[in-house]
Amino acid sequence: MSSFVSVARQGDVAVITIDNPPVNALSFHVREPLMQALVSLRDDPSVAAIVIACAGRTFVAGADITEFGKPMQQPELRAIVAVLEAIAKPTVAAIHGTALGGGLELALGCHFRVADAGAKVGLPEVKLGLLPGGGGTVRLPRLVGPSKALAMIVSGTPVGAREAQAAGLVDAVVEGDLTANAVAFAAGKASAGAPAIPVRDRDARLREIDLAAFDAEAAELAKKARGLEAPLACAEAVRNAITLPFDEALAAERALFVKLVAGDQSRAQRHLFFAEREAAKVPGKDLQKRKIARVGIIGAGTMGGGIAMAFVNGGFPVTLLETSQEALQRGLATIDKNYAVSVSRGSLSEEARQARLALFSGTTDYADLAGCDLIVEAVFEEMSVKKEVFGKLDTVAKPGAILATNTSYLDINEIAASISRPQDVLGMHFFSPANVMKLLEIVRAEKTAPDALASVVDLARRIAKVPVIVGVCHGFVGNRMLSARGAEQEALLLEGATPAQVDKAFTDFGWPMGPFQMGDLAGLDIGWRNRKARGQTAVIADALCEQGRFGQKTGKGYYLYENGSRTPRPDLEVEALIRGKAAELGIAPRQIEAEEIIERTLYPMINEGARILEEGIAARASDIDTVWVNGYGFPIGKGGPMFFAGLAGAGKIVQRLDHWHERTGRPAFKVAPLLRRFAETGSWEAGAAT
Ligand code: NAD
């Protein structure tokens, strides 16, 4: 018997236990002995029923991700499930923790599923650009009906044991000793003597919905797929389960899987999966982490309020500090309103709202921050104000407290150098809305202590954020690359594109929103003020702001928003303004294709990303991808800007940039040496700075 799969007997019930920590992944070294155990128990006349259970904290939580992209060693999961499903004696999966992907598909091969009350089950393959390839799309609809299966498989979101039971996926939900309960359940089925019907032979629920209704549901979901192939393939596979005989549907599922797994989108999504894990690896992993139990937030404005909510949602008590009672009350009222909206939408219970509100306390007195282990500053973006705040923190914060700034652009080394404990200072750059957006750029300043950095990376995951460590520079990784495309957006308008045309090229590429719609949403005045402070100009954006067109908040920006509507309408006045400015500059309008819009905006960003790597501001190209996907909505099917550089062809990118640089002399087009090297070697690693 293998150390990964063991068999024990309880009377005439055999219990197979999979023990492959940490998540009982279906690695080859599990699959092989599992298959042997099933065959031998199938053929053993003294065994009346079989239970499959797992040791440790969970049932099989999926495939072994280290085997991705390699030829699969036999037996594959599909073969195991086929043998399991053909066993004539009752088979029972005993599910605790999470049965995900291949784990749930294994459980679907059993006649019955008994779940711990806290268990969750799901088929999350779509999140890696795949579909369940082990029979999940063909068996799940037979248990829960096509509608529910479609929703579960296309979303990839797991459901709890009780919901799974109500849907027909789980036969019994139990509390207490799961294995004992599953054994009793199996023994009961065996002694009842009724033949157990394999899932493949249960067709009744497939007829619950007519095809037209199913297709309508699938079409709704397809709209949300925004160019991703996997959700559509998932829907097609579930449809096949309804229209084709079992084995044909199974073969069709396989064919779809094989196509997806070899495609660029799934490669991109798997890249992102590993990128995120890699980004969260802390340089000083073994360092003693600082204890963080209480958090202070300074400034209860847009960001401070959101950051406070992010911590409270993660269970941390928070003290919010403002300059006046009035500002404090305003900030707290906004937080209160946000939670009330969640309750009215049904995403938060009233009890949970009360519990969260109880974690807030407000103050205008810095002395009240003395008990905080971490203090995050989110006051106005001005060096003098930041230094004043940090000066006060230097006197009141307890020794070892981590002092973080949420600055977007300011030099954190300068802030750190202004106080007596620069080793405790770092950046925590949240994205708006901070209680929603997943990205957290953690900025390592020159003197930041490694244990402070490691503690904050660790903490990020406790508040459901995706951390990426970055270095100090203007705009860090995300905003710096965003600036690199700003000038091109303006240039495209001057050369003849309309805001709507540019935005459409972006959404067709897969972005959730184009840059002009985004600008209107965020408020154009912020950038305007920023530019003025830095002595910079942007012909069109400045002209709009001079007319009081700040975006949605003033009802007008690049677009028109009539009667408080949030739907952008193209505005002829803006187009006339653009043409006027172009004429002043002697630029004749021309037809601009979507491809040019994407290349002109994206390639300078990739180029800036290469510079960021050269300077060591980011440690890995994949960190940059993680930033863009989680902070700015870069389309996941394209893997982030640096991964996309490989898909688009780095040679072509370099050639285009060279050409534009020759024509315009713009610095954003000057090819970074690392990008040139990437075009030759295909690897960002080669020249990555340390
Ligand atoms: P905001 O104007 O909405 O809020 C700032 C708050 O800080 C105000 O409520 C103000 O009363 C308070 N404040 C000012 N000086 C203070 C002081 N000395 N002590 C205590 N409170 C003080 O601004 P915001 O958009 O929340 O931005 C805050 C910081 O976050 C800035 O550094 C900004 O660059 C950064 N940031 C903003 C965004 C964004 O999208 N808005 C995103 C990331 C980072």
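This is a predicted model: local features need pLDDT of at least 70, side-chain atom pairs count only at pLDDT 80 or more; totals for chains, interfaces and linings use all residues.
**Reading helices, sheets and cores**

Visitor: What span should helix 13 have, and how far apart are its end C-alpha atoms?

Guide: The expected span of a helix is 1.5 Å times one less than its number of residues. Helix 13 covers residues 325–345, so its 21 residues should span 30 Å, and its end C-alpha atoms are 30 Å apart, which agrees.

Visitor: Which residues of helix 13 are buried?

Guide: Buried means under 20% relative accessible area, exposed means over 50%, and partly exposed is in between (1.4 Å probe, protein chains only). The buried residues of helix 13 are Ala327, Leu328, Gly331, Ile335 and Tyr339. They lie on the same side of helix 13 because they cover an arc of only 115° around the axis. The arc is taken from the directions running from the helix axis to the C-beta atoms. An α-helix has 3.6 residues a turn, so residues three or four places apart point the same way.

Visitor: Which exposed residues are on the face turned away from the buried side, and what covers the buried residues?

Guide: The face turned away from the buried side of helix 13 carries the exposed residues Glu326, Arg330, Lys337 and Ser344. The cover over the buried residues includes helix 12 (302–313), strand 11 (318–321), helix 14 (350–357) and strand 12 (360–363).

Visitor: In what order do the strands of the open sheet of eight strands stand?

Guide: Two strands pair if DSSP finds at least two bridges between them. The order here is 12-11-10-13-14-15-16-17, with mixed pairing. Strand 12 and strand 17 (466–471) are at the edges with a single partner strand each, so one side of each has no neighbour in the sheet. From one strand to the next the twist averages 25°. Axes are lines fitted to C-alpha atoms, for helices over the stretch in contact, and angles run from 0 to 180 degrees between N-to-C directions.

Visitor: Are the two faces of strand 10 covered or open?

Guide: Both faces of strand 10 (residues 295–298) are covered: Val295 and Ile297 are buried on one side, Gly296 and Ile298 on the other. Strand 10 pairs with strand 13 in the parallel sense over four bridges, and Ile297 stands opposite Val376 in strand 13. Strand 10 is also joined to strand 11 by four bridges, the two running parallel, and here Val295 stands opposite Val318.

Visitor: Which residues touch the most other members of the largest nonpolar core?

Guide: A nonpolar core is a set of buried Ala, Val, Leu, Ile, Met, Phe, Trp, Tyr and Cys residues joined through side-chain atoms within 4.5 Å. In the largest such core, of 90 residues, Leu675 and Trp684 touch the most other members. Helix 24 (residues 594–614) supplies the largest share, nine residues. Another core, of 67 residues, lies apart from it, with Val30, Leu38, Ala161 and Ala237 among its members.

Visitor: What does Val654 touch?

Guide: Contact means heavy atoms within 4.5 Å. Val654 touches Val671, Leu675, Arg676 and Ala679, not counting residues up to four places away in sequence. Val654 lies in helix 27 (residues 650–664) and, at 9% relative accessibility, counts as buried.

Key: Residues are numbered from 1 along each chain as its sequence is written. Side-chain values use heavy atoms; hydrogens and water are left out.
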